[in-house]
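Q: Please take a close look at one part of the model shown here. I would like a connected account, in plain terms, of how that part is put together.

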Amino acid sequence: MIKRDLRIAFRHKSEILNPLFFFIIVVTLFPLGISPEKVLLAQIGPGIIWVAALLAAMLSLDSLFRSDFEDGTLELMLLSEYPLSILVLAKIVVHWLITGLPIIIFSPLLGTVMFLSNDAIETLMITLLLGTPILSLIGAIGMALVVALKRGGMLLSLLVLPLYIPVLIFSSNAVGSSMAGLSISGQLYFLSAFMLFCLTLAPIATSAALRVSLE
Amino acid sequence: MFKSIMKFIYHFASPKHFYRLSGKLIPWFAWLAALLLIAGSIDGLFIAPVDYQQGDSYRIIFVHVPAAWMSMFIYMVMATSGAIGLIWKIKLADVIASSSAPIGAAFTFLALVTGSIWGKPMWGAWWVWDARLTAELILLFLYLGFMALEAAIEDPRAAARACAILAIVGVINIPIIHYSVEWWNTLHQGATVTKFDKPSIHISMLIPLLLMALGFKLYYVAVVLVRARNKVLYTDQNSGWVKELIKSKNEQFTSI
């Protein structure tokens with residue numbers, strides 16, 4: 001299942017590249033819009049990078065179920081002998097691999113551009129590593145709820161963004177703290193706990209939502 | 001035992017009986033709510049002593065705090081009845097959940113507005129990025145998301161089930177959001193209503209507060225029943241009992 005989805009994703013290269021370009025462009029907009037000053041950018045950098053990552057993850061959710069819904073694959077998944085939540089989890093993993101992972105790989109570059117210190121960049125990567133799976137997992141629930149709707153995009157952001165807030169708070173706070181030389185273990189513990197929590201429950205909620213959407 | 005309880009619940013939850021029973025209950029709840037709200041307002045606005053730090057402007061808490069309580073309580077009701085509707089397929093639970101949402105959103109909005117009116121003289125700003133304020137704002141977004149999802153799905157059954165899932169996911173997230181935001185930034189004064197902790201509220205201020213809270217709660221029950229009655233009538237408009245009802249109402253009307 002993971003293999004199949006990855007293969008499909010690699011055939012449509014734009015699906016991988018678009019969220020990444022979006023992420024980079026959004027981050028670029030802020031120095032242009034606010035000011036190129038070093039001190040200010042270093043201060044707001046972590047938040048900006050995280051907000052951009054969050055938006056990129058949300059806008060790419062459409063690829064998670066949409067095409068499978070349209071060609072009927074999703075219905076076959078519902079009928080298959082494997083538990084739906086496992087299949088859903090596989091799809092989420094693929095979504096993370098094609099959207100979350102590139103963002104993590106490119107984040108040191110953007111961190112440098114935003115004048116973050118080396119420690120902060122390291123923390124940024126750790127928080128992205130812990131946080132982006134949460135974005136994919138929670139986003140999958142929202143996407144499963146709106147997949148059958150024609151104009152779900154706006155609605156999806158209204159459903160999903162409030163649930164993303166804890167991730168944003170803890171992650172950008174951790175990066176900020178590590179820049180100030182403070183301990184960040186508390187934030188990282190919370191993020192890991194939240195990720196495990198979502199990992200266990202989100203696939204179940206997603207499959208329940210899919211069943212409703214496909215009725 | 002369990003079977004008979006379930007039978008009773010199903011009996012009560014059938015639209016026809018719900019319609020009749022709620023029609024009898026609504027005036028009681030509404031009048032009690034009005035009575036409590038009037039008593040609470042008089043007690044809170046005129047009788048309760050002036051706060052030694054905040055002067056008279058603290059009196060807005062008699063609206064603000066109960067509204068904030070209700071905003072959370074109604075979300076819990078929504079999620080619980082959504083879960084009941086999802087598990088036992090009781091249609092009435094879905095109706096209650098969907099008719100609670102706008103009321104809850106209204107209370108959340110009220111809490112935010114009264115809070116900012118209070119914040120202007122106290123903190124010198126209409127809005128501060130404080131933990132509780134932000135959490136309440138996020139709660140408002142959750143309500144709006146619920147209502148938007150319900151409006152977007154055409155089939156009412158599917159809409160109710162999708163919304164129930166959303167409400168349950170939201171309810172699991174509320175404590176997480178709450179604590180994360182609290183940890184993020186705190187300026188709001190801590191809760192002072194529990195009598196076990198110091199500093200706590202004086203009894204002469206607590207009584208009007210509780211009167212108002214109870215009044216708000218009964219008001220909510222009355223309004224949610226009215227809304228649910230309308231929804232039940234609308235969804236069952238082609239069934240036998242509604243037609244009978246309309247016929248008898250028409251007869252009453254013509255006899256006058």
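A: A residue counts as buried if 20 or more other C-beta atoms lie within 10 Å of its own, with the C-beta atoms placed from the backbone. The model is predicted, and by that cut-off 36% of the 256 residues in chain B are buried.

Chain B has eight helices and zero strands, so its elements, read from the N terminus, run α-α-α-α-α-α-α-α. Among the contacts in chain B between residues at least 6 apart in sequence, 78% join residues at least 24 apart.

Next comes the place where the chains touch. The contact takes 20 residues from chain A and 21 residues from chain B. On the chain B side, helix H5 (131-152) and helix H6 (156-184) each supply at least two residues. H6(B) gives the most to that side, with twelve residues. Sorted by class, the side of chain B that touches chain A has 17 nonpolar, three polar and one charged residues.

In chain A, the pair to look at is helix H6 (residues 84-113) and helix H7 (residues 118-146), which pack with their axes 9 Å apart at an angle of about 155°. Angles over 145 degrees count as roughly antiparallel, which means that H6(A) is roughly antiparallel to H7(A). Their crossing is right-handed. Residues that make this contact include A:Ile92, A:Trp96, A:Ile103 and A:Pro108 of H6(A), and A:Leu124, A:Leu128, A:Pro133 and A:Leu137 of H7(A). By class, the contact of H6(A) with H7(A) has 15 nonpolar, seven polar and no charged residues.

The two chains also come together in the core. The largest nonpolar core has 125 residues, and those with the most contacts inside it are A:Ala53, A:Ile138, A:Leu145, A:Ala209, B:Ile165 and B:Leu166. H7(A) provides the largest share of this core, 16 residues.

What does A:Leu145 touch, not counting residues up to four places away in sequence? In chain A, A:Leu145 touches A:Leu159, A:Ala209 and A:Ser213. In chain B, A:Leu145 touches B:Leu149, B:Ala162, B:Ile165 and B:Leu166.

Terms used: Residues numbered from 1 in each chain as written. Chains lettered and ligands numbered in written order. Predicted model: local features only at pLDDT ≥ 70, side-chain atom pairs only at ≥ 80, totals over all residues. Contact = placed C-beta atoms within 7 Å. Helix = DSSP H or I, 4+ residues; strand = E, 2+ residues; numbered from the N terminus. Nonpolar A, V, L, I, M, F, W, Y, C, P; charged D, E, K, R; others polar. Buried ≥ 20, exposed ≤ 12 C-beta atoms within 10 Å, placed from the backbone. Axes fitted to C-alpha atoms, helices over the stretch in contact; angles between N-to-C directions. Parallel < 35°, antiparallel > 145°, perpendicular 65-115°, else oblique. Left-handed = near helix turned anticlockwise from the far one by under 90°. Core = buried A, V, L, I, M, F, W, Y, C linked by C-beta atoms within 7 Å.
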